Amino acid sequence: MSTVKAYAAPSATAPLAPHTITRRPLGPRDVQIDILYCGVCHSDLHTVRDEWDGTTYPCVPGHEIVGKIAALGSAVNNFQVGDAVGVGCMVNSCRTCPSCREGEEQFCEQGATFTYNSPEKETGGNTYGGYSQGVVVDADFVLRIPSNLDLAAAAPLLCAGITTYSPLRHWQVGPGQKVGIVGLGGLGHMGVKLARAFGAHVVLFTTSPGKTADAQRLGAHEVVISKDKAAMQQHLNSFDFILDTVSAPHDLNAYLMLLKRDATMTLVGLPEPTPLAAGSLIFGRRRLAGSLIGGIRETQEMLDFCGQHSITSDIELIPIQKINEAYERMLKSDVKYRFVIDIQSLAQT
Ligand code: NAP
Ligand code: ZN
Ligand code: ZN
């Protein structure tokens, strides 16, 4: 494949700009993918701006990749050229540690290779993500996109979809349960759709009163404006599970108080540290947990579930030239409900 056009952040403070990257030669276990669409995750923004420390520049983000197979390594026999495939947040892992053996490669004890800003095992270089025309990925980390799904709208399933699907499954959300989703952004709107599809009673918490009608259309039975203290009080001690997808610091205690005895709130949003009052957990023996994307096997299970239930993301398709504007809108919680880059637009750079 060698050289492809991309968009990269040259530093933590500079806007993303056109860039060229080199992809590794196709190895026997590799799949070469022509990228069609790439979703824009808030993690891209956190990484580009070095909010989690450790970003290597130039940084090419993007881990909600959908495309068509352009070429196959000699040992790959479970895919065909032309197949519609996806790549999510990981492109490799050690394969031998207990987490890898259990299909939870995201928790690889040697450290999973993430799709961007990670050391690339094969080359010793840095991984570059999906804001680019093509990628070479080990076949074991390539997912199949169900044929009935729109490819652009399916792209966000590769991160926002699995990141919400995995904890909802792990904590066994289902019929008869009252489930809260906090934040209606990329992750949150997938959380609403999936929790609804799993049969739960879904309550969406938002700081944006203007999103109420959308939340209901997406599947929420109830919408609570989280700044409204009286509305929050009405839900005290009533939730079986809460999934917090918020990207900015906010009061966790206000949500913990809404859990029933022994119930769990799981964080998937990764903001700066937020204060935690021990009493919020102690009274009610409540639990606070976290969850990181999902393993490859579970990601395929999620895609197949979405195929069966015709679930995709609600997207705004943008050319790559609008990416810096999209980041600013994301910071203002103005995403309806995931930006997806039309990678064809890279040809014009
Ligand atoms: P997003 O589309 O920007 O959505 C975040 C939502 O958080 C906003 O739409 C907004 O919802 C709410 N929000 C924003 N600022 C807020 C504030 N100051 N107070 C309260 N609520 C606020 O982001 P995303 O792509 O869904 O990602 C969300 C977070 O998850 C990010 O931190 C990201 O890095 C992280 N993430 C984690 C994983 C994982 O594996 N754990 C995977 C992917 C992403 P309302 O307008 O409805 O309030
Ligand atoms: Zn992501
Ligand atoms: Zn491992």
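Biologist: How many bridges join strand β14 to β15?

Modeller: Bear in mind it's a predicted model: local features need pLDDT of at least 70 and side-chain atom pairs pLDDT 80 or more, while totals for chains, interfaces and linings use all residues, and side-chain values use heavy atoms, without hydrogens or water. Residues count from 1 along each chain as written, with chains lettered from A and ligands numbered from 1 in written order. Strands here are DSSP E runs of at least two residues, helices H or I runs of at least four, numbered from the N terminus, and two strands pair if DSSP finds at least two bridges between them. β14 (residues 259–267) and β15 run parallel, and the bridges joining them number four.

Biologist: Which strands are the edges of that sheet?

Modeller: The sheet is open and parallel, ordered β12-β11-β10-β13-β14-β15. An edge strand pairs on one side only, and that leaves β12 (222–225) and β15 (287–290).

Biologist: In β15, what is the bridge partner of Leu 267?

Modeller: Leu 267 falls within β14, which spans residues 259–267. Over in β15, its partner is Gly 290.

Biologist: At about what angle does helix α4 run to β13?

Modeller: Helix α4 (residues 160–170) lies across β10 (178–182), β13 (239–244) and β14, with contact meaning heavy atoms within 4.5 Å. Axes are lines fitted to C-alpha atoms, for helices over the stretch in contact, and angles run from 0 to 180 degrees between N-to-C directions. Against β13, helix α4 runs at about 155 degrees.
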